[in-house]
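Student: I would like to learn how to read this structure. Could we begin with the charges?

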Amino acid sequence: MIRTDLLVLHTLRCGGHSGLARVSAATGLDEAAVESELIDLAVAGLVTHSMGAWGLTEAGRATDAEWITDELESGGARPAIAAAFERFLVLNPELLDLCTAWQMRPVDGVLAVNDHRDQSYDARVLDRFSDLDQRAAAVCAELTAALPRFGRYRVRLRETLGRARAGELEYLADHTTSYHTVWAELHEDLLATLGITRW
Amino acid sequence: MVRWVRPLSARSEESARDVGAKARGLVVLHRLGLPVPPGFVVTTDACRAHLREGRLPDGLAGELAHAMTGLEAATGRRFGGARAPLAVSVRSGASVSMPGMMTTILNLGLTTEAAAGLAAETGDARFAEDSRQRFLSGFAAARAVPDDAALQLELAVETVFSSWETPRARTYRELHDIPHDLGTAVIVQAMVYGNRDDHSGTGVAFSRDPNTGENVPFGDVLFGHQGEDVVSGRSPTRPLRELAEREPAVWAALTEALRRVEGHYRDACYVEFTFQAGELWLLQVRPGRFVGGAAVRVATELADTRLITRGEALLRVSPQHLQHVRTPRIAAPAQADILARGVGACPGVAVGKVATTTDAAVRMAADGPVILVRPETSPNDMRGLAAAAGIVTARGGPASHAAVVARAMGKPAVVGIADLVVDGSSLSAGGRTVGEGALVTIDGTGGEVALGSPRIATDTADAHLRRLLAWADDASGERSERDEARRLIAAHAALRDP
């Protein structure tokens, strides 16, 4: 059983300020359920609403850290998550290489914006994306076995890649819910869950 | 018969296909009489055998041992020895460039005993221990490293060969049309220590400024460190010109070396170097591969000095370069008040007030353009990235989260400013501190962050470009009104098929 208050609060922690639709897409909860949860969290002083988006308060950030640590330690999930994070870190530079290759490509030795007119080049990048996605799926499966809430990332990554393959090219790296965005949220989630601060 | 190992010297004749491009560069340096640490190269053929068989090919271990005996004789030191220990660097070197994709292991051979020997020899236990720790961290963490120098070398060669096959390297080759069966060579050289003492260090240098093409050496230097620290961005580097003040002899040797390699390649060049106790060593050389206005300027000026012909100058500039000549740039970086330099990650110039948090960026953007300055970015910064006119980060390279997002949003970005510290609502770099709200200008091509609003130009290479295009018309014989790319393309056609 996944706690919805934790899920909604932690989605804001990892995804930054977000509207209802975004939280709904990230959590898999419907918008009404998300809104109800957010209002409860706001009453508790953990989130605020400003300029059309929900975000954490300082207290919300602290509470999220408590809840997440508690969830991690009480289930004994730390070793499995830490091991999966190591494998994630091997994939991370390759994912960023692929995003860069999708956006830019060398033409006569000059890095130029990829105008997506060369279909064979795009197909190659997409193939490598799919290959990486298979390896990422294995990491996601390990994470989900240890903490079920990580299962959403697999669903979301698969969705964005599917859209990109179906011709919505911006869903790889150039959209607010692109593969790269979901990946970056997963990265942030792993850091937050393991209590690792970026320096 | 020696099958897998080749010497590195002025007389080496092997092709880049056999020994890799980096080794070919080292041979060029030898031929120019420039200082290169003695060493040898394990061929790409050995790598291909390793790929086929999953283990080092028969006979290689014996050849490595024999080559190390030669290196001991050349240096007067003992590999893994307790007295005057010889340590080596072990680097990948394929026939095509695959930057950052493969393994490098430095300080190899510093066994427990050899490290103690190095400490005793230099009287500097901290230096010896630092070098040994760098060696151990060069191997993947999971691996048990044998405390025997010869076994370390075999393991290191195997590690470099295996790094050819990592999924990331495979992806890189797929994207850049590089065949998977080329394999990499392995270069083994006597170690020179950039972390040896106060007169040691390491750096990278271009013979000309890669941002503008101006004929002045340009690069980064890191005093008291080894080369990996420059490439990884772990430590803050200093502008190359500081070498002239702190180590004038090294500077003189370096500028002379740059002059000679330019003469050989007949192009702007890039070198990697280390200096140990005031003595310069070159570790790599290649042509500079300049782009945009810098490519135009270098080609024109090299033709002016007759190092290349006007025809060659024209052929070195592609129509792609012309598009980049028009990207806005800070007009005269030398006159601007440069706060910091990083890596340009998305071309263009942005002027705005500094915001150090996403919240501040969103708030301040209502009153005018904002430059978001962060240690690095995470999804929590997406709103700030969206609100900002330009992005600056301390960490990360051209493929970092910030760079990917900046390009997705088409915003000028500078990343990887190693000495940038963001502290609360202020930032400091190069010994200066700037508060939130200060006006800065960033150049996402050259990687400059300047205080205030220096002049911006979209035509920094104009004078050179006009002359080059006049030569283009001479070559093609066409004088009609056409755009720049067409004038260049016509010249290329005439030069290639006269």
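Tutor: Lys and Arg count as positive and Asp and Glu as negative, while His and the chain ends are not counted. Each charge is placed at NZ of Lys, CZ of Arg, CG of Asp or CD of Glu. In chain A, the mean positions of the 19 positive and 30 negative charges lie 5 Å apart. This is a predicted model, in which local features need pLDDT of at least 70, side-chain atom pairs count only at pLDDT 80 or more, and totals for chains, interfaces and linings use all residues. Residues are numbered from 1 along each chain as its sequence is written, and side-chain values use heavy atoms, leaving out hydrogens and water.

Student: How many helices and strands does chain A have?

Tutor: Helices (H or I, at least four residues) and strands (E, at least two) are DSSP runs, numbered from the N terminus. Chain A has eight helices and four strands. Their order along the sequence is α-α-α-β-β-α-α-β-β-α-α-α.

Student: What percentage of the 199 residues in chain A is buried?

Tutor: Buried means under 20% relative accessible area, exposed over 50%, and partly exposed in between (1.4 Å probe, protein chains only). In chain A, 51% of the 199 residues are buried.

Student: Which share of the contacts in chain A with a separation of 6 or more joins residues 24 or more positions apart?

Tutor: A contact means heavy atoms within 4.5 Å. For chain A that share is 63%.

Student: What are the dimensions of the box filled by the C-alpha atoms of chain A?

Tutor: Taken along the principal axes, the box is roughly 55 × 40 × 30 Å.

Methods: Chains are lettered from A and ligands numbered from 1 in the order in which they are written.
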